[in-house]
Amino acid sequence: MSFRLVVTEWRKGDKAMEHYSSSPTGGCLSGRISGVCISMAQLLEGARKLGWVLLNAFLRFIFVFINNCVAIPSYCLYCILLQPLRIMDSRYFWLIEGIMFKWMLAMVSLWGWVAGYTVMEWGDDVRPLSEEEAMVIVNHQATGDVCTLMMCLQDKGTVVRKMMWLMDHVFKYTNFGLVSLIHGDFFIRQGKAYRDKQLIYLKDHLDRYYRSRDRKWIVLFPEGGFLRKRRETSQAFAKKNSLPPLTHVTLPRLGATQVILKTLGPQQENGSLGKEASTVHPSQSGSKPKGLQWVVDVTIAYPKARPMDIQTWIFGYRPPTVTHVHYRVYPIKEVPVETKPLTDWLYQRFVEKEDLLAHFYETGAFPPPKGQKEAVSRAMTLDPVRLCVIQSLAFASGYLWYSVLQYFYCCLF
């Protein structure tokens with residue numbers, strides 16, 4: 001009897017709940033409860049993703065910090081240890097230093113590669129130019145541009161270890177500044193007050209270090225600053241001087257480019273660089289005339305025009321991203337050196353960059369070269385085994401030098 005009573009009461013309660021849920025008040029409350037549950041689930045999912053991003057960023061920061069603590073001092077100590085070799089035969093010293101420098105840049109490439117940051121290349125193939133002298137001009141959007149170049153030039157033969165960088169003097173005071181200082185890169189100070197003196201210092205630097213250290217490529221950012229900082233000033237200057245208004249790049253500055261061409265280029269003829277410069281691609285000629293032979297015009301494009309900075313490479317908080325790099329090669333013979341013609345030539349290159357980037361942001365691809373119907377891209381690949389070996393050598397070197405220094409410290413004190 002009691003069992004029937006329980007079943008009967010349960011059925012009554014169930015029907016009552018059904019009636020309550022079907023009523024306007026009950027349905028509204030049920031919907032609210034469901035909405036709250038969904039919101040809570042979304043909040044928890046968002047918190048979980050945020051927690052993972054923060055944890056990943058923290059672990060990456062620790063790895064990069066330790067990496068710098070072992071790799072940079074090891075590089076400097078090896079260079080000190082090899083000073084006798086530099087005195088006896090500087091060629092072998094700079095050969096070894098260049099290999100270590102390339103490894104240092106490979107470790108920076110590893111930071112991005114692990115986070116899923118890769119490079120897709122377009123335009124001319126610059127690998128056959130690796131043993132020729134070239135000036136590389138690049139558009140500048142953020143600090144990540146340097147990291148992108150460090151990555152995409154890793155598979156270009158000896159380019160990285162025989163390359164000289166021109167960068168803002170602020171980089172001298174970063175963790176990588178000491179490495180660049182030893183390698184012989186040039187730190188340029190921006191501003192009208194310093195411009196003339198800096199160009200004199202640049203010429204002196206090139207005369208002293210470029211040839212003596214067997215440099216082949218020299219990389220500079222002619223815009224003289226980041227896009228977001230210079231765009232407004234550049235557009236105002238363009239409007240005042242009836243020049244094309246640029247949105248994705250800024251008008252380049254002439255000074256450093258002209259000094260490099262005049263200092264490193266072949267003999268000049270009638271305002272242009274001499275005929276010693278070959279118009280034959282290196283893959284078709286075994287000759288290696290002295291002086292700059294090529295200008296490599298590099299255009300970097302980021303998906304949705306969102307540039308990556310060095311913090312992104314370190315912390316890895318952005319989803320995997322493909323950065324697109326376009327190359328166009330000019331024989332040095334086509335490049336003037338006198339002020340007015342060179343200014344026009346350089347402006348034209350950045351107008352072309354503007355068109356390339358506008359097309360890329362609209363279609364997701366660079367336009368095909370003239371005379372071709374379709375643009376061909378190629379994925380830049382890194383050897384993971386090589387990267388792991390280099391990273392392992394860095395940690396092993398750090399431990400080795402720590403043990404050596406600790407031994408001498410114990411002996412002395």
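What follows is a conversation about reading features in a predicted model.

Biologist: Before we start, what does the predicted model need for local features and side-chain atom pairs?

Modeller: Local features need pLDDT of at least 70 and side-chain atom pairs count only at pLDDT 80 or more, while totals for chains, interfaces and linings use all residues. Residues are numbered from 1 along each chain as its sequence is written, and side-chain values use heavy atoms, with hydrogens and water left out.

Biologist: How many helices and strands does the chain have?

Modeller: Helices (H or I, at least four residues) and strands (E, at least two) are DSSP runs numbered from the N terminus. Here that gives 12 helices and 10 strands.

Biologist: And how much of the chain is buried?

Modeller: Buried means under 20% relative accessible area, exposed over 50%, and partly exposed in between (1.4 Å probe, protein chains only). Of the 413 residues in the chain, 44% are buried. As for contacts (heavy atoms within 4.5 Å), take those with a separation of 6 or more: 78% of them join residues 24 or more positions apart.

Biologist: What is the strand order in the open sheet?

Modeller: DSSP has to find at least two bridges between two strands for them to count as paired. In this open sheet of 8 strands the order is 4-3-5-2-8-9-1-10, and the pairing is mixed. Strand 4 (186-188) and strand 10 (377-380) are the edges, each pairing on one side only. Direction ignored, neighbouring strands are turned by 25° against each other on average.

Biologist: Which way do strand 3 and strand 4 run, parallel or antiparallel?

Modeller: Parallel: 3 bridges join strand 4 to strand 3 (residues 163-168). Leu-166 stands opposite Phe-186 in strand 4.

Biologist: At what angle does helix 11 run to strand 8?

Modeller: Axes are lines fitted to C-alpha atoms, for helices over the stretch in contact, and angles run from 0 to 180 degrees between N-to-C directions. Helix 11 (residues 339-363) makes about 35° with strand 8, and lies across strand 2 and strand 9 as well. Helix 5 (residues 144-152) runs at about 75° to strand 1 (118-123), one of the strands that helix 5 lies across.

Biologist: What should I make of the positive phi at Asp-214?

Modeller: Most residues other than glycine have a negative phi. Asp-214 is not a glycine, yet has a positive phi of about 60°. Asp-214 is in the loop between helix 7 (192-210) and strand 5 (217-220), and with 36% relative accessibility it counts as partly exposed. Ala-305 also has a positive phi of about 60° without being a glycine. Its loop runs between strand 8 (294-301) and helix 10 (310-315), and Ala-305 is partly exposed at 38%.

Biologist: Which helix gives the most to the nonpolar patch?

Modeller: Helix 2 (residues 24-81), with 10 residues. One of the patch residues is Leu-59, which is in helix 2 and partly exposed, at 49% relative accessible area.

How values were computed. Patch = residues over 30% accessible without salt bridge, like charges linked within 9 Å, V, L, I, M, F, W, Y side chains within 5 Å. Areas by Shrake-Rupley, 256 points an atom, 1.4 Å probe, with all protein chains shown as cover. Salt bridge = Lys/Arg side-chain N within 4 Å of Asp/Glu carboxyl O.
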